[in-house]
Amino acid sequence: GEDAAPKSLHVDVVSSWEETPLALEALEFFASHSQDTFERFWRALAGEMAAVGGNGRPTAQRQWKAVEAAAAEAVAGTSRPELILSSMRYALGLRYYSPLVATHTSVAVHEAGKFSQAHAQECAAGDGSDVPLFPAWALVDGQHLACSLSQLTRILSAPVEGGAGGERVHEHDHVLRGDTSQRVVSLYADLSSPSMAARLPGLVEAAGAAAEAAGAGLLLR
């Protein structure tokens, strides 16, 4: 009847994937904004995450502080920095980019699964005579695994079977250097790891130079 008390409905929404790092979600936000801002942000975030230190992934609170500091640096000099920062906080609060980060993670796991466990152990061990990419790794033309800079250069210098490479650049891939229309080097690296963040700028410069010398483009995945 008219006097009946209104009923409330409570809904719990649970994602079908594990919680994703805020640092990586923030990367996706800036990637959707502009290439220049994204470039400034990932470099600033690498510095902030490296300063956190430690071997494991930092807590969400420490990641948030690193993201805030990096974001403030990235938007400095833009036309509406406070609007960008407010939009970022809103998007991260909603975990809007979590599904995209989960998708990237799934792709990385799938690609890594193409290679044998023995090859992965070899990458992790190295021989001490080269600059290793590990725990990052690179995939050339979608089919050749490189776990050191010399290995990457060697693969890129070899003739490409059937002409152009077979890697496909997706809408949400992050192009860092070079031309991806013919050949692609995909660098898989977790920027939410302080140890990886400390090494990433140098790896991007070296891998990017090798890719450009071979007429390829470099993606960050």
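These questions and answers cover salt bridges in a predicted model.

In this predicted model, local features need pLDDT of at least 70, side-chain atom pairs count only at pLDDT 80 or more, and totals for chains, interfaces and linings use all residues. Residues are numbered from 1 along each chain as its sequence is written, and side-chain values use heavy atoms, with hydrogens and water left out.

User: How many salt bridges does the structure hold?
Analyst: A salt bridge is a side-chain nitrogen of Lys or Arg within 4 Å of a carboxyl oxygen of Asp or Glu. By that criterion, the count is 10.

User: How many residues apart are Arg57 and Asp190?
Analyst: Arg57 and Asp190 form a salt bridge, with closest N and O atoms 2.6 Å apart. Helices (H or I, at least four residues) and strands (E, at least two) are DSSP runs, numbered from the N terminus. Arg57 sits in the loop between helix H2 (35-52) and helix H3 (60-75), and Asp190 in the loop between strand E4 (183-188) and helix H8 (194-213); the separation is 133 residues.

User: Which helix holds Arg89, the salt-bridge partner of Glu68?
Analyst: Arg89 and Glu68 pair at 2.9 Å, N to O. Glu68 lies in helix H3, 21 residues away in sequence, and Arg89 lies in helix H4 (residues 81-94).

User: Is Arg221 buried or exposed?
Analyst: Arg221 forms a salt bridge with Asp173 at 2.9 Å. Buried means under 20% relative accessible area, exposed over 50%, partly exposed in between (1.4 Å probe, protein chains only). Arg221 has 13%, so Arg221 is buried.
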